[in-house]
Amino acid sequence: MDQRIHKYFVEELSTEERLSLLRDVEASEELKKEFAEYQNLYALLNLGRQLQDKAAGKQKYDRFILQKQHAVMRKRWTRRIGYAAAMLVLVVSASLLTYWYVRPEQTDLLSADVTNTLYTPAGQRARLVLQDGTEVWLNAKSKLVYPARFTGDVRKVSIEGEAFFKVAKDPSRPFIVSTHDVDIRVLGTRFNVCGYPETGYVQTSLLDGSVRVFFREKESDGITLEPDQQVTVSNGRMKVEPIRLKDRFLWRDGIYAFENEPLIDILKKLELYYDVKIAVEDTSLFKGTYTGKFRQRDSLDDVFRVLQQIRKFKVEKDTERNRVTLK
């Protein structure tokens, strides 16, 4: 095994070393196989930034690799989805803070044509480094579909839910993110995409670089964003406006922020983050806007206490139905 692959996923390589490894991976079929195996292993463990104690996360990862080398090397653990599920059980039993499923659409994970699917449950988030070096953060109840390795003239993935991308530059191969009927074309940049099916809109927010947002097969009619701009696509229309609150993208670090936001929009997000149904009996609560910030590790009661500082209301819980009512 090439030790650089292990160091790549625990971020111990310099930029030059990372690029050198990726060039070697493209040139060697054996390295491609090893890289694909470890990419899927890393997607199961998600130890890069999800653990609050990064050092502890690295120790867990190193211990796991040692066990794998001694006990599992004789078996190709990546051949069956059932074995991946066993790894997931091991991850959960180790009390990791974030988990998700890597579900290959084919059983041969080493094929260049394999498509992987990552899903984050409600209340969780995830981070993945793609084969080209692109970093992707996935928010709660979101799904990312991506190839085991990129081939052809473009690098294409699809997202359902919310994701933040830091795209590795490759002028010869544009990076395309598809969500619903919208495509986003980039070369190298940082941007956020929010496209939960139940919201009825897709919002792309650009922090730096350049992206072009367009309806599929209609790129010439699209809109090119400048840094600190966002475009909201709804009912076949595009609306461009400045980004009002950059803190909103701190969800990658488990921090959720809102500023002058209607309560109904806040409650929809809380349902995603805490996997609970929230109903409101007193519709007067919807009047006005709310501003605040909380951490993912805060309880839902903590969040409600912040909101109650702005407007008084009572909270009634129905644990059997997993439902909360505001009165």
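Where is asparagine 322 found? Asparagine 322 is in the loop between strand E18 (315-318) and strand E19 (323-326), and point 4 comes back to this residue.

1. **Ground rules.** You are looking at a predicted model, in which local features need pLDDT of at least 70 and side-chain atom pairs count only at pLDDT 80 or more, while totals for chains, interfaces and linings use all residues. Residues are numbered from 1 along each chain as its sequence is written, and side-chain values use heavy atoms, with hydrogens and water left out.

2. **The chain as a whole.** The protein chain has seven helices and 19 strands. Helices (H or I, at least four residues) and strands (E, at least two) are DSSP runs, numbered from the N terminus. Of its 327 residues, 50% count as buried, where buried means under 20% relative accessible area, exposed over 50%, and partly exposed in between (1.4 Å probe, protein chains only). If you look at contacts in the protein chain with a separation of 6 or more, residues 24 or more positions apart account for 51% of them; contact here means heavy atoms within 4.5 Å.

3. **A three-stranded sheet.** Which order do the strands of this open sheet have? The order is E16-E19-E18, with mixed pairing. Strand E16 (277-280) and E18 are the edge strands, each pairing on one side only. Neighbouring strands of this sheet are turned by 20 degrees against each other on average, direction ignored. Two strands pair if DSSP finds at least two bridges between them. E16 and E19 pair in the parallel sense over four bridges, and arginine 323 in E19 is the bridge partner of lysine 277. E18 and E19, by contrast, run antiparallel and are joined by four bridges, with lysine 317 opposite valine 324 in E19.

4. **Back to asparagine 322.** The hairpin of E18 and E19 has four residues between the strands, and asparagine 322 takes a positive phi near 55 degrees there. As a reminder, most residues other than glycine have a negative phi. With 38% relative accessibility, asparagine 322 counts as partly exposed.

5. Asparagine 260 lies in strand E15 (residues 255-262) and has a phi near 50 degrees, a positive value in a residue other than glycine. It counts as partly exposed because its relative accessibility is 46%. Asparagine 235 sits in the turn of the hairpin that E13 and E14 form with two residues between them, and its positive phi is about 55 degrees.

6. Six bridges join E13 (residues 229-234) to strand E14 (residues 237-242), and the two run antiparallel. Serine 234 stands opposite arginine 237 in E14. E13 also pairs with strand E10 (residues 202-208), in the antiparallel sense over five bridges. In that pairing, glutamine 203 stands opposite threonine 232 in E13.

7. **Helices H6 and H7.** How do the axes of these two helices cross? The axes of H6 (residues 263-274) and H7 (residues 300-308) come within 12 Å and cross at roughly 165 degrees. Axes are lines fitted to C-alpha atoms, for helices over the stretch in contact, and angles run from 0 to 180 degrees between N-to-C directions. Leu263, Leu267, Leu270 and Tyr274 in H6 meet Leu300, Val303, Phe304 and Leu307 in H7. The residues of this contact divide into eight nonpolar, no polar and no charged. Here Ala, Val, Leu, Ile, Met, Phe, Trp, Tyr, Cys and Pro count as nonpolar, Asp, Glu, Lys and Arg as charged, and the others, Gly among them, as polar.

8. **A buried valine.** Is valine 136 buried or exposed? Valine 136, found in strand E4 (residues 135-138), counts as buried because its relative accessibility is 2%. Leaving aside neighbours within four places in sequence, its contacts include Leu128, Leu144, Ala163 and Phe165. Valine 136 and alanine 163 are 27 residues apart in sequence and 6.7 Å apart in space, C-alpha to C-alpha.
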